[in-house]
Amino acid sequence: MPGIVSVKTPPEAQPLRISVPDESNGRVGASSERSEPVNPKSNSPAPRRPPSPSPSTSRAKPSPDRSSGKKKSPPEKIVIDESSLDNPDLGPFLLKLARDTIASGEGPNKALDYALRAAKSFEKCAIDGEPSLDLAMSLHVVAAIYCSLGRFEEAIPVLERAIKVPEVSKGADHALAAFSGYMQLGDTHSMLGQLDRSIECYKDGLKIQMEALGDTDPRVAETCRYLAEAHVQAMQFDEAENLCKKTLEIHRVHSPPASLEEAADRRLMALICEAKGDYESALEHLVLASMAMIANGQENEVAAIDVSIGNIYLSLSRFDEAVFSYQKALTVFKSSKGDNHPSVASVFVRLADLYYKTGKLRESRSYCENALRIYAKPVPGTTAEEIACGLTEISAIYELFNEPEEALKLLLKAMKLLEDKPGQQSTIAGIEARMGVMFYMVGRYEEAHSSFENAVAKLRAGGERKSAFFGVVLNQMGLSSVQLFKIDEAAELFEEARQILEQECGPCHQDTLGVYSNLAATYDALGRVDDAIEILEYVLKLREEKLGTANPDFDDEKKRLAELLKEAGKSRNKNAKSLENLIDPNSKRTKKEPSRKWSAFGFRS
């Protein structure tokens with residue numbers, strides 16, 4: 001039975017080279033490479049994206065088989081009469097022409113024309129409406145060529161049509177065609193940043209694969225891990241953990257001890273555990289993965305895991321052990337890749353972060369500068385994603401240095417590097433959110449609002465509208481709206497953020513409580529005193545019953561509630577309070593007026 005597996009090529013790969021299968025086998029294969037992780041870390045008030053301690057979770061991009069061997073000479077130009085498309089021999093011939101055209105380097109546009117006409121021919125020659133796997137195959141090739149041209153939107157309807165052609169009940173070949181179609185469709189949605197649709201396609205493909213091969217086939221394990229990586233990218237860590245556990249169970253049965261497959265599973269599981277704050281479990285998985293890599297002689301992979309172990313030690317404030325892990329990795333990277341390789345720069349960034357946290361600011365700044373020198377003159381083969389990731393991490397350290405303007409410059413450079421890269425919408429949205437925070441910190445509220453607006457639009461389009469990250473970005477955008485006196489808009493943003501964070505984090509989480517406070521202040525500014533009182537009473541009840549009253553915010557909110565109740569009891573004053581007082585208790589007043597004791601009826605980021 002053919003293996004039902006889907007894979008992707010990395011974002012830094014050369015433009016897709018489409019290989020049309022030979023007539024003898026009639027199938028479209030797939031091959032892939034894995035890319036290095038591109039997961040910017042954030043130390044700003046903006047929410048963090050998932051940490052990148054270990055495996056590559058930046059998932060690859062769709063690609064059919066890559067042809068090997070010498071380039072063929074360009075095929076002769078052949079004029080084909082459209083009326084002859086009902087010839088059953090023409091479809092395979094056109095697919096071969098498409099393959100030869102790509103192999104000769106003549107360009108994908110002519111290959112696309114051949115592949116489209118091949119699909120028409122297969123459709124015309126279908127017998128009594130029977131599903132034609134040749135048609136499905138040709139549609140897969142058409143979609144892959146569209147993707148190689150960057151025309152992902154045009155590939156979507158082609159693939160949606162392709163997955164309707166096979167009938168899974170008719171055997172393994174039909175199951176393979178349907179599985180491949182769903183996975184390729186998921187990859188294409190991923191390239192457009194539509195993570196929710198991408199995940200649904202992968203789930204459909206996994207279901208077909210499990211029906212065809214059983215639940216414990218090693219190829220099912222690969223797809224489970226692939227889907228788990230997609231869930232990690234969407235910050236759906238519980239779903240990712242369940243899939244990764246299943247992958248580990250399958251590989252324990254079918255793979256030898258300390259296999260490379262198990263090491264990859266454990267690195268992904270470590271990533272998930274770290275994202276959920278379970279650092280001890282993450283460390284355990286990384287140590288086991290490192291042992292497996294050592295047993296298989298994978299020196300550079302061991303060094304990469306050492307960096308991940310250092311990250312965990314840093315999170316646990318075990319600084320000496322973190323330095324040791326980083327230095328081990330640095331020695332290997334310098335000896336195997338050279339002093340100016342981006343892997344060396346990435347370790348410099350981690351050391352800069354560590355030394356900042358231990359109060360050694362001079363050493364921290366020095367490591368940042370060394371990393372920036374490497375990124376300024378990248379060695380051949382360095383990808384834009386690697387540089388953008390490094391610049392984003394360094395910007396977070398400059399933010400800690402209280403140099404927001406320098407941090408902004410680095411974020412702008414990172415975003416420009418990723419602008420034209422497909423599949424990077426989610427990463428760009430994270431950078432724009434960070435930029436919004438920076439603009440807000442330096443008082444450039446119009447630019448902050450614009451950055452948050454762009455980030456929110458990308459996150460909505462990418463299916464992250466229900467994530468905690470999205471909720472926090474909405475809260476940040478609401479704060480910028482308040483500064484621009486767009487109070488109605490701010491109220492809508494805070495309300496949406498509250499719904500998301502209540503669902504994702506719970507009502508007692510600090511981010512949710514911050515949104516409650518901002519929403520109460522906004523209602524008060526709008527004259528909706530009753531609504532503001534209701535929220536503050538709810539927050540105080542939560543603090544008294546579940547969080548305790550020692551938190552300094554408790555007294556502040558209690559005073560705010562007392563003031564509102566006093567006003568409501570007097571005359572139900574519907575006039576909005578001065579936004580100047582609501583936002584910044586230290587701002588200069590335009591009119592002389594006595595300040596209230598709780599003038600910091602504040603908005604919280």
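**Burial, salt bridges and ring pairs**

Colleague: Why is Lys458 called partly exposed?

Modeller: Lys458 has a relative accessible area of 28%, and the term covers values between the limits for buried (under 20% relative accessible area) and exposed (over 50%), computed with a 1.4 Å probe on protein chains only. Lys458 is therefore partly exposed. This is a predicted model, in which local features need pLDDT of at least 70 and side-chain atom pairs count only at pLDDT 80 or more, while totals for chains, interfaces and linings use all residues. Residues are numbered from 1 along each chain as its sequence is written, and side-chain values use heavy atoms, with hydrogens and water left out.

Colleague: How do you know that Glu432 forms a salt bridge with Lys458?

Modeller: The closest N and O atoms of Glu432 and Lys458 are 3.2 Å apart, and a salt bridge requires a side-chain nitrogen of Lys or Arg within 4 Å of a carboxyl oxygen of Asp or Glu, so the pair qualifies. Glu432 belongs to helix α17 (residues 425-441) and Lys458 to helix α18 (residues 445-461), so the bridge ties together parts that are 26 residues apart in sequence; helices here are DSSP runs (H or I, at least four residues), numbered from the N terminus.

Colleague: What makes the rings of Tyr202 and Tyr226 an edge-to-face pair, and how many aromatic pairs does the count come to?

Modeller: The count comes to 7 aromatic pairs. For Tyr202 and Tyr226 the ring centres are 5.3 Å apart and the planes stand at 65°, so the pair is edge-to-face; the rule pairs rings of Phe, Tyr and Trp (its six-membered ring) if their centres lie within 6.5 Å, with planes under 30 degrees apart counted as stacked, over 60 as edge-to-face and the rest as tilted. Tyr202 lies in helix α6 (residues 195-213) and Tyr226 in helix α7 (residues 218-233), so this pair ties together parts that are 24 residues apart in sequence.

Colleague: Why is the pair of Tyr516 and Tyr538 called edge-to-face?

Modeller: Their ring centres are 5.5 Å apart and their planes lie at 85°, so the pair is edge-to-face. Tyr516 in helix α21 (residues 510-525) and Tyr538 in helix α22 (residues 529-547) are 22 residues apart, and the pair links distant parts of the chain. Tyr516 is buried at 1% relative accessible area, while Tyr538, at 35%, is partly exposed.

Conventions: Helices (H or I, at least four residues) and strands (E, at least two) are DSSP runs, numbered from the N terminus.
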